[in-house]
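Hello,

Here is the structure I promised to pass on. Please open it first, then read my notes below with the picture beside you.

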Amino acid sequence: LEAYTIQLGEHQRQREELVNAQKLFNMPVQSYPELSDVEATLKKLQAIYDLYTQQRDAKVGWAQKLWSELDQSELERGMEGFEASLMKMPRTYGADIKNDRRT
């Protein structure tokens, strides 16, 4: 995901250079809707991936605890927190990304 974010930044810089050149020569400014779509999709994927990495890291931490040190309420609070974060995400994230696949 990080590599795609870097690529997106490069493409956005190129777009800015092209827009500036078009303005300089009084040409009609070209819009790049695909670039905006990719940016929006990448933001949604980043939000989903961030939640995934937080949950994965917490799971690793919980797995390293000894059974004698296990606090069940800590696990419950942790999972409730992840569930709340997931519920705050718009439900359309998954559908938008799934339907946005370009073949």
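**Aromatic pairs, a patch and salt bridges**

Tyr49 has a relative accessibility of 39%, so it counts as partly exposed. Keep in mind that this is a predicted model.

Start with the neighbourhood of that residue. Tyr49 sits in helix H2, and so does Tyr52. Three residues separate the two, about one turn of the helix. Tyr52 is partly exposed as well, because its relative accessible area is 44%, and partly exposed covers the range between under 20% (buried) and over 50% (exposed).

How many aromatic pairs does the whole structure hold? A search finds two. Tyr49 and Tyr52 form a tilted aromatic pair. Their ring centres are 5.9 Å apart, with 40° between the planes.

Now go to Trp62 and Phe82. Their ring centres lie 6.4 Å apart and their planes meet at 65°, so this pair is edge-to-face. The cut-off for that label is over 60 degrees. The pair links distant parts of the chain. Trp62 belongs to helix H2, while Phe82 belongs to helix H3, residues 72-88. They are 20 residues apart. Are these two residues buried or exposed? Both Trp62 and Phe82 are buried.

Which helix gives the largest share of the patch? Helix H2, residues 33-63, supplies three residues.

The whole structure has two salt bridges. One joins Asp57 and Arg56, with the closest N and O atoms 3.7 Å apart. Asp57 has a relative accessible area of 47%, so it is partly exposed. Arg56 is at 33%, so it counts as partly exposed too.

The other salt bridge joins Lys65 and Glu74. Here the closest N and O atoms are 3.1 Å apart. Lys65 counts as partly exposed because its relative accessibility is 33%. Glu74 is partly exposed, with a relative accessible area of 26%.

Then find the edge-to-face pair of Trp62 and Phe82.

Best wishes

Key
Residues numbered from 1 in each chain as written. Predicted model: local features only at pLDDT ≥ 70, side-chain atom pairs only at ≥ 80, totals over all residues. Heavy atoms only, no water. Helix = DSSP H or I, 4+ residues; strand = E, 2+ residues; numbered from the N terminus. Phe/Tyr/Trp six-rings, centres within 6.5 Å; stacked < 30°, edge-to-face > 60°. Buried < 20%, exposed > 50% of the residue type's maximum accessible area, 1.4 Å probe, protein only. Salt bridge = Lys/Arg side-chain N within 4 Å of Asp/Glu carboxyl O.
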